[in-house]
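Subject: Structure for your study

Dear colleague,

Please find below the structure that I am handing over to you. I would ask you to keep it open while you read the notes that follow it.

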Amino acid sequence: MKLKYILAGVLLSLSINSCIQDEALNVEAAIDSCTGTNIQSTTIDHLRKEIEIYVLDGTNISQQELIFTLPEGASIQAEKAEANDQPPLYDFSQNTLRSFIVTSEDGATQTKYLIRVNKLALPTSYSFEELKEVTPYNVFYLTNASGIMQWASGNPGYNLSGMALNETQYPTVQHPTGYSGKCVKLTTLSTGNFGKPIGMPIAAGNLFIGSFDTQNAVLAPLKATHFGFPFTKRPSKITGWFKYKAGDVFTDKSGNTVTGKKDKGDIYAVLYEAPNSDFSLDGNLFPNNGTEIDEHIVLLARISEQEMIETNEWTKFNLDFIPQNGKTINAEDLKNGKYKLAVVFSSSVMGAYFQGAVGSELWIDEVEIICEN
Amino acid sequence: MKKYIKTILVLLLCGFTQISHAQSSEHKGLIWLASHGLDYEVKAGVNIGGTSPLPLPKEIRSLDSYSPGLAITLEGNATKWIDEKQKWGISVGIRLDSKDMETKASVKNYGMEIFSETGGKIKGLWTGGVKTKVKMSYLTVPVLANYRISSRWKVMAGPYFSYMMNGEFSGNVYEGHLRTPDASGSRVNFEGENMAAYDFSDNLRHFQWGMQIGGEWKAYKHLNVHADLTWGLNDIFEKDFTTVSFAMYPIYLNIGFGYEF
């Protein structure tokens, strides 16, 4: 009888394996990342197929290097070639907004991307009035109305959990009643059956200056949040308004209840040294579970536990930038864009480590970075 | 289902002992049945095989592992011999069937959807590993033409009709990347402990049918040994279910023994 089993098994697997068809060419056509000399920050909008590239003012963009990460076998071409194009060097001096077409290996999928090279200084006051995108999740403009810089959030990561049925069910949403006009409302939410088995039972609502890398959202979530944008002024204070409510049940990385622990929101801004243009701090800027501080950080303004009170009333925060790691600002480097500023809001202070309470809410409005002359 | 099988096993065993006890009194009845061209049989066996798309779609690059589950079948059938020589007959049976397997495969651009408990979903094309577990219990009615080759050998072939009582089609994806929501969407990498589970159990079709072909060898007066190949001919998924872009069919070999009255 045993022999029969083995024979049947062998026959079956042989017959099935012999049916494997020739490999089909890849159908994927997308831009997974874009880097290059002098690029300070890149925001890829996978929904609208728009890529915003930020370089410092004064950068020569007639020979801008663009190195794309594409799916296996895919190719990319500028829709209209410029005379000075020598891929991977592209001329953006005539048109800062250009179209590129990615073609899949099998030729069946073509995706058109708009790529814009921006020389933009980071604005210093934020009102959260304008949305770049409403669905499937809210994306905030960092610059108001006319601007093209956007706030980053973990919403694209939360999208993978399949939990949200509409844009209001994401951790980071716009709310119509702020301190003045609209505001941003951050909520810690459950990631359900998707997140729990992989050690990500919750998603804190967050909003930050920088970019979110969906590729790493599941694999290395701390590395998926790229914080910061070049900043050439000396910040002294960050001010704004907040409301906070802690969720009822605090849970750890495995989703287990931690009794007696209360969730806290977090508001902070850091100025850090960026040795290279493509350097940015990631979600691990307070290493060792938030007990240490990254060595690149020069100034930190962060709300204290005592100030982060639970309140239903709009409450003002006024935080000083305090020197860290014994570092001082080098005026020349500051002018040359060697420092980056990150502003981060989160509904759970340990949210980056997937610890917090579902239902914690942090509301933020009318934030301003005050700089020295 | 397990409960079912147990109960039926017990019943059958009771039946056997009953029969041996009451043989003398029922003997006449059986002779009468036989003389009127009717045979009765109970069969027990195991199903070994797989639920697979046919032919294997190009999305499937390799099968990395396969393990059949222990899938027991129990059947009772009656055969009516039609001609005088009792060479041709027609049989109708009722069978408790289970079909069980687990596979690991490597796929490329395999369309899939993962639903959350809220009913929301994430969909896209998966390139990487897929682990699939298929476990189904059926109540099956085979209607077969029988042909006796010799006193010891007979062959049977015909359609079968199954009602799926319980079904599971689930698994997870691992070591690869998801392109969501379509071929031009964003890439999400999965490695090591990171995997995403899927479950299409609710999308399985309850009515399934196919063809069965097999042979039976009379080892002793009442004991038969059989092998039957059952080949599903309709997709195991409901018609409006499009996530798995190809139809899948259960193909199983049933081997076992039977007691003929």
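This is a predicted model: local features need pLDDT of at least 70, side-chain atom pairs count only at pLDDT 80 or more; totals for chains, interfaces and linings use all residues.

Chain A as a whole

The secondary structure of chain A consists of six helices and 29 strands. Its radius of gyration is 23 Å, close to the 21 Å that the globule rule gives for 373 residues, so chain A is as compact as a globular protein of that length. Of the 373 residues in chain A, 45% are buried. Among the contacts in chain A with a separation of 6 or more, 70% are between residues 24 or more positions apart.

The two domains of chain A

The domain assignment divides chain A into domain 1 (33-119) and domain 2 (125-371). Taken over C-alpha atoms, the centres of these two domains of chain A are separated by 28 Å. Where they meet, 14 residues of domain 1 of chain A are in contact with 11 residues of domain 2 of chain A.

Which elements give two or more residues to the side of domain 1 of chain A that touches domain 2 of chain A? They are β2 (41-45), β3 (50-55) and β9 (110-119) of chain A. The largest share of that side, three residues, comes from β2(A). By residue type, this side of domain 1 of chain A divides into four nonpolar, eight polar and two charged residues.

Strand pairing in chain A

The hairpin of β8(A) and β9(A) has six residues between the strands, and in it A:Gly107 takes a positive phi near 75 degrees.

A loop residue in chain A

A:Gln169 is found in the loop between α2 (155-159) and β13 (172-175) of chain A. Is A:Gln169 buried, exposed or partly exposed? A:Gln169 counts as partly exposed because it has 15 C-beta neighbours inside 10 Å, whereas a buried residue needs 20 or more and an exposed one has 12 or fewer. A:Gln169 and A:Thr187 are 18 residues apart along the chain, and their C-alpha atoms are separated by 9.2 Å.

The nonpolar cores

The largest nonpolar core has 101 residues. Which of its residues touch the most other members? They are A:Ile209, A:Leu341 and A:Ala342. The element that gives the most to this core is β5(B), with seven residues. Domain 1 (33-119) and domain 2 (125-371) of chain A each supply at least three residues to this core.

Another core, of 20 residues, lies apart from the largest one; among its members are A:Tyr137, A:Tyr158, A:Ala204 and A:Met350.

To return to A:Ala342, its contacts beyond the neighbours within four places in sequence are A:Phe208, A:Ile209, A:Gly210, A:Phe227, A:Gly228, A:Ala269, A:Val270 and A:Leu281.

Where chain B meets chain A

How many residues of chain B are in contact with chain A? There are 39 residues of chain B in contact with 39 residues of chain A. The elements that give two or more residues to this side of chain B are β1 (38-53), β2 (60-68), β4 (88-115), β5 (121-148), β7 (186-199) and β10 (248-260) of chain B. Of these, β7(B) gives the most, with 10 residues. The residues of the side of chain B that touches chain A divide into 16 nonpolar, 14 polar and nine charged.

One of the elements on that side, β1(B), has two strand partners described here. With strand β3 (residues 71-81) of chain B, β1(B) is joined by 10 bridges, and the two run antiparallel; B:Gly45 stands opposite B:Thr73 in β3(B). With β10(B), β1(B) is joined by 13 bridges, again antiparallel; B:Ala44 stands opposite B:Phe257 in β10(B).

A colleague

Notes. Residues are numbered from 1 along each chain as its sequence is written. Chains are lettered from A and ligands numbered from 1 in the order in which they are written. Two residues are in contact if their C-beta atoms, placed from the backbone, lie within 7 Å. Helices (H or I, at least four residues) and strands (E, at least two) are DSSP runs, numbered from the N terminus. Ala, Val, Leu, Ile, Met, Phe, Trp, Tyr, Cys and Pro count as nonpolar, Asp, Glu, Lys and Arg as charged, and the others, Gly among them, as polar. A nonpolar core is a set of buried Ala, Val, Leu, Ile, Met, Phe, Trp, Tyr and Cys residues joined through C-beta atoms within 7 Å. Domain bounds come from an automatic or database domain assignment. The radius of gyration is taken over C-alpha atoms; the globule rule is 2.2 Å times the number of residues to the power 0.38. Two strands pair if DSSP finds at least two bridges between them.
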